[in-house]
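Please look over the structure below. Some notes on it follow, as numbered points.

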Amino acid sequence: MRKAKPSKRQILPDPVFGDVKVTKFVNHMMLDGKKNLSFEIFYKALDIVKNKLANEEKTPIEIWKQALDNITPQVEVKSKRIGGANFQVPVEVRPERKESLSMKNMIAYARKRGGRTMADKLSAEIVDAYNQQGGAFKRKEDMHRMAEANRAFAHFRH
């Protein structure tokens, strides 16, 4: 490597909760640079979650964080070519990638859902992930299952 690694950009905390994780999520969700709209959708989704899970003692932001934790993959498989054959080698996921993957999965599966507005879809996906079900949770389970099935090739990782 000739050039130095580019420095990580500083992400500012969001205006309501003062949380950097929220801003990262909103950045993933944002389309065409419309960050304000993205923030509105996120906060609206949290309001809907608050109404849906009124009997929970946790705040909506804690529910959202728990939902993200529930859909965060610990291991994934990477294709590695060894001696003319491709092997699916299970590898542990780096912490930054874990966060990014869980956010992207939640947003992707929320977009695929049926519902009127993105806030509705996102809130439904958050509730499902919190209850350990739904598309994003299923994806995590599938990733873990793939890694478990290919555990025999774990010695190829490096």
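1. Which residue forms a salt bridge with aspartate 142? The partner is arginine 145, and the closest N and O atoms are 2.8 Å apart. A salt bridge here is a side-chain nitrogen of Lys or Arg within 4 Å of a carboxyl oxygen of Asp or Glu. This is a predicted model, in which local features need pLDDT of at least 70 and side-chain atom pairs count only at pLDDT 80 or more, while totals for chains, interfaces and linings use all residues. Residues are numbered from 1 along each chain as its sequence is written, and side-chain values use heavy atoms, with hydrogens and water left out.

2. Aspartate 142 and arginine 145 are three residues apart in helix H6 (residues 135–149), so about one helical turn separates them. Helices are DSSP runs (H or I, at least four residues), numbered from the N terminus. Aspartate 142, at 29% relative accessibility, counts as partly exposed, and arginine 145, at 52%, counts as exposed. The cut-offs are under 20% relative accessible area for buried and over 50% for exposed, with partly exposed in between (1.4 Å probe, protein chains only).

3. Lysine 140 pairs with glutamate 141 in a salt bridge, with 4.0 Å between the closest N and O atoms. Lysine 140 is buried at 12% relative accessibility, whereas glutamate 141 is partly exposed at 29%. The structure holds 10 salt bridges.

4. Isoleucine 61 lies in helix H3 (residues 60–70) and is buried, at 12% relative accessibility. Beyond its neighbours within four places in sequence, isoleucine 61 is in contact (heavy atoms within 4.5 Å) with Phe17, Val22 and Leu46.

Definitions and conventions: Helices (H or I, at least four residues) and strands (E, at least two) are DSSP runs, numbered from the N terminus.
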